[in-house]
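Trainee: I would like to go through this model and ask what each label rests on. Please give the cut-offs as we go.

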Amino acid sequence: MALNQSHRCLIQSRFEMLFSRIARRSLNRCRWLFVFRDEHQQVVSSSLFRSPTDTEKALGCRENYSWASHAIHGFGRRPYHQSSSVVEEQLDPFSLVENELTVLANRLREMVIAEVPKLASAAEYFFKMGVEGKRFRPTVLLLMATALNLPIPRPAADDMVGDLSTELRRRQQCIAEITEMIHVASLLHDDVLDDADTRRGIGSLNFVMGNKLAVLAGDFLLSRACVALASLKNTEVVSLLARVVEHLVTGETMQMTTTSEQRCSMEYYLQKTYYKTASLISNSCKAIALLAGQTTEVSMLAYEYGKNLGLAYQLIDDVLDFTGTSTSLGKGSLSDIHHGIVTAPILYAMEEFPQLHAVVDRGFDNPADVDLALDYLGKSRGIQKTRELAAKHASLAAAAIDSLPESDDEDVQRSRRALVDLTQRVITRMK
Ligand code: GRG
């Protein structure tokens, strides 16, 4: 039977649609195969504390720490276009979850109420309105919850499915609350260790109430986080977040106990950065997926997103410590270098100017050494290379979202786009 022109076009377009769906699905499956091989939760190979001869090769090992992510990336990022129903609109990831963040903030204030008045005011210090920080973590986690195919519960929904999704959303919000409590606890302890006097634009808690109360308030927040975690009755999620606390402590200890060689190692720096910054967000993203009953593959993609976003975030933080809101060196707080902490920009500068080794070795106690290091950094491509590495991780984070199984749900698509958008915001932020 002869086909007329319009029939032929129709059949051809149906065939193309079907073919592209199959192709995308098998591409996703391939991506998962590669992601699967990175189930260990370390940024670099576990040979971190190897003999000096091996560590000398640390910079060469840099390609290893996100091997599987490179595999995802190797397929190339496709722009987010899983359905035509969500047009390329401008979207603000924070305003997408704004209302829920307010609910979360109120709940957090209730969760940290303590019996003893002094402890109560110490524990609520950074949960008070106006000093809640950027709320980067809860924003990512709420978006991730929706991105993993979970419709936001609507108050009117009274059927069984509605009840179940409301209950799931509540449990995922609980992960966001726990994550914020662990984060703030770590900030309180960090400020004690650093003897900081400000945080989030106000006096740090140790400065205002003293070290002892600041430490106790941190412990108290951790204990409330544990109670909330136990209420989820999910042992896999409990062990993920318990491991995060171990990572925070390990990262902090790595930072304060470096040998001269470790201070000059990019591998060591990236592992510490994973522990101190990326572990919390990556494992919390994974917990969101696990609570939703997602597959191992999807949970790992959520983890990969968080890990790479967290690493990009910290790399840019390290740049901003030198540049502040301007592009000129020395305009930042220079807090890291004044504390003797060596970060990526200096490590890259050291590759170009090996003379910097001796300066780093002296520990920056002498202000002249800080100036000298800034001179070398200014002459090097250290800042640029750090930004490039951050961009690479941001791109890997976006690739993890692009590798999620397709969904036609508009909320899901919008949240995924917001998560991808966040990867760009992280690397272009000025504060
Ligand atoms: C008590 C859990 C616990 C840990 C103790 C002190 C310590 C061990 C760990 C320190 C971890 C730490 C403070 C890492 C820095 C992480 C980081 C990037 C902080 C800044 O996060 P932002 O920019 O801050 O999101 P805001 O204020 O916006 O929340």
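Mentor: Start with the contacts in the chain with a separation of 6 or more: residues 24 or more positions apart account for 78% of them. Contact here means heavy atoms within 4.5 Å. This is a predicted model, in which local features need pLDDT of at least 70, side-chain atom pairs count only at pLDDT 80 or more, and totals for chains, interfaces and linings use all residues. Numbering runs from 1 along each chain as its sequence is written, and side-chain values use heavy atoms, with hydrogens and water left out.

Trainee: What is the mean pLDDT of the chain, and what share of its residues reach 70 or more?

Mentor: The mean is 82, and 76% of the residues reach 70 or more; pLDDT is the predictor's confidence in each residue, from 0 to 100. Over residues 1–42 the value is below 50, though this stretch has 51 contacts in the model beyond near neighbours in sequence. Residues 44–86 also stay under 50, with 99 contacts beyond four places in sequence. Where pLDDT is low, the predicted coordinates should not be read in detail.

Trainee: How many helices and strands does the chain have?

Mentor: There are 21 helices and 2 strands. Both are DSSP runs numbered from the N terminus: helices are H or I with at least four residues, strands E with at least two.

Trainee: Why is Leu291 called buried?

Mentor: Buried means under 20% relative accessible area, exposed over 50%, and partly exposed in between, with a 1.4 Å probe and protein chains only. Leu291 has 11%, so it is buried. Leu291 is in helix α14, and beyond four places in sequence its contacts include Leu168, Ile175, Leu232 and Val237. Leu232 is 59 residues away in sequence, with a C-alpha to C-alpha distance of 9.0 Å.

Trainee: Which class do Arg200 and Lys233 fall into, buried, partly exposed or exposed?

Mentor: Arg200 has a relative accessibility of 24%, so it counts as partly exposed. Lys233 has 73% and is therefore exposed. Arg200 lies in the loop between β1 (198–199) and β2 (202–203), and Lys233 in the loop between α11 (211–231) and α12. Phi is near 50° in Arg200, a positive value in a residue other than glycine; the phi of Lys233 is likewise near 50°.

Trainee: How many residues surround the ligand, and which are the closest?

Mentor: The shell has 19 residues, the closest being Lys134, Arg137, His183, Arg200 and Tyr313. A residue is near a molecule or strand if one of its heavy atoms lies within 4 Å of it.

Trainee: Which element gives the most to the shell around the ligand?

Mentor: That is α9, with 7 residues.
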